[in-house]
Amino acid sequence: QNPETTHLAVGYVQSGKTMSFTGLTALALDNGYRMVIYLAGTKNNLLKQTKDRLTKDLVDNLPGGRKKFKLHPSPSESSLNSILGHLESIDKPIILVPVLKHHGHIKKFIRLVKHPEFAMLMKNESVLIIDDEADQASLNNYGRKNSLKSRHEEEEMSSTYSAILQMRAALPLNSYIQYTATPQANILISL
């Protein structure tokens with residue numbers, strides 16, 4: 001549980017990447033993580049698919065799943081009291097948070113994370129961030145342009161990439177796992 005780490009998980013199309021990050025979520029529970037955030041794609045149907053899969057595989061089908069996993073899809077400030085209640089629970093459930101991979105939705109979640117009571121409860125807690133389809137929207141679309149600039153010029157950042165960096169900064173004890181079937185985009189962004 002380093003303060004901040006980034007990893008890349010690669011799998012073929014339809015090879016079980018979703019099952020892999022569902023298993024990773026169960027391991028996060030076993031290793032004391034308090035929250036798992038899923039950047040669940042750029043479309044509402046992908047967000048729903050992730051939410052449904054988490055519900056089916058973890059919340060509903062594991063013995064005690066409803067006590068161990070608390071699902072909060074697309075949370076906003078209106079979800080704050082419910083999330084705080086789960087964080088304060090003596091059962092210490094892990095909070096599962098699927099978020100649409102869009103700068104507006106991520107920033108809405110950041111406002112919740114920066115709430116003083118949330119920040120106090122999560123101050124020393126580890127967070128796992130799983131980025132599904134990490135080659136889509138998560139990368140800095142200005143990678144190539146920035147690679148051509150001199151060291152003294154300020155780099156540009158695309159809006160979703162910037163929002164992800166802000167979210168990670170607001171959750172200092174995070175591990176960020178990028179899942180993709182096309183790692184070329186992640187590895188060769190500057191080209």
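**Chatting through the fold**

Reply: Happy to. Keep in mind that this is a predicted model.

Me: Nice. Which residue in E4 is the bridge partner of Ile37?

Reply: Ile37 has Val97 as its bridge partner in E4. Tyr38 is bridged to Pro98 of E4.

Me: And what does E4 do with E3?

Reply: E3 and E4 also pair in the parallel sense, over three bridges. In that pairing, Leu71 stands opposite Leu96 of E4.

Me: OK, zoom out for me. What is the strand order in the sheet?

Reply: The sheet is open, with six strands in the order E1-E6-E5-E2-E4-E3 and parallel pairing. Strand E1 (4–10) and strand E3 (69–71) are at the edges with a single partner strand each, so one side of each has no neighbour in the sheet. From one strand to the next, the twist averages 20 degrees.

Me: Let's switch to helices. Which strands does H1 lie across?

Reply: Helix H1 (residues 17–30) lies across E2, E3, E4, strand E5 (127–131) and strand E6 (174–180). Relative to E6, H1 runs at about 165 degrees.

Me: What about H2, where is its kink centred?

Reply: On Leu54, with a kink of about 30 degrees in a helix that covers residues 44–60. Leu54 is also one of the buried residues of H2, along with Leu47, Thr50, Leu58 and Val59.

Me: Why would residues three or four places apart point the same way in a helix?

Reply: An α-helix has 3.6 residues a turn, so residues at that spacing point the same way.

Me: New topic: cavities. How many are there of 30 Å³ or more?

Reply: The count comes to one cavity of 30 Å³ or more. The largest cavity has a volume of about 40 Å³, and its lining is made up of Ser74, Pro75, Val99, His105 and Lys108.

Me: Where is Ser74, and is it buried or partly exposed?

Reply: Ser74 is in the loop between E3 and helix H4 (80–88). Its relative accessibility is 35%, so Ser74 counts as partly exposed. Ser74 has a positive phi of about 45 degrees, although it is not a glycine.

Me: Last one. Where does Met157 sit?

Reply: Met157 is in the loop between helix H7 (143–147) and helix H8 (159–170). At 44% relative accessibility, Met157 counts as partly exposed.

Me: What is Met157 in contact with?

Reply: Leaving aside neighbours within four places in sequence, Met157 is in contact with Asn140, Tyr142, Ser162 and Leu165. The C-alpha atoms of Met157 and Gly143 are separated by 8.2 Å, with the two residues 14 apart along the chain.

Technical notes
Residues numbered from 1 in each chain as written. Predicted model: local features only at pLDDT ≥ 70, side-chain atom pairs only at ≥ 80, totals over all residues. Heavy atoms only, no water. Pairing = 2+ DSSP bridges. Helix = DSSP H or I, 4+ residues; strand = E, 2+ residues; numbered from the N terminus. Axes fitted to C-alpha atoms, helices over the stretch in contact; angles between N-to-C directions. Contact = heavy atoms within 4.5 Å. Bend = angle between axes of the 7 residues up to and from the residue. Buried < 20%, exposed > 50% of the residue type's maximum accessible area, 1.4 Å probe, protein only. 1 Å grid on protein atoms, 1.4 Å probe; cavity = no way out; pocket = protein on both sides within 12 Å on 5 of 7 lines; lining within 4 Å. Points joined across faces, edges and corners; volume = space filled by probe spheres on them.
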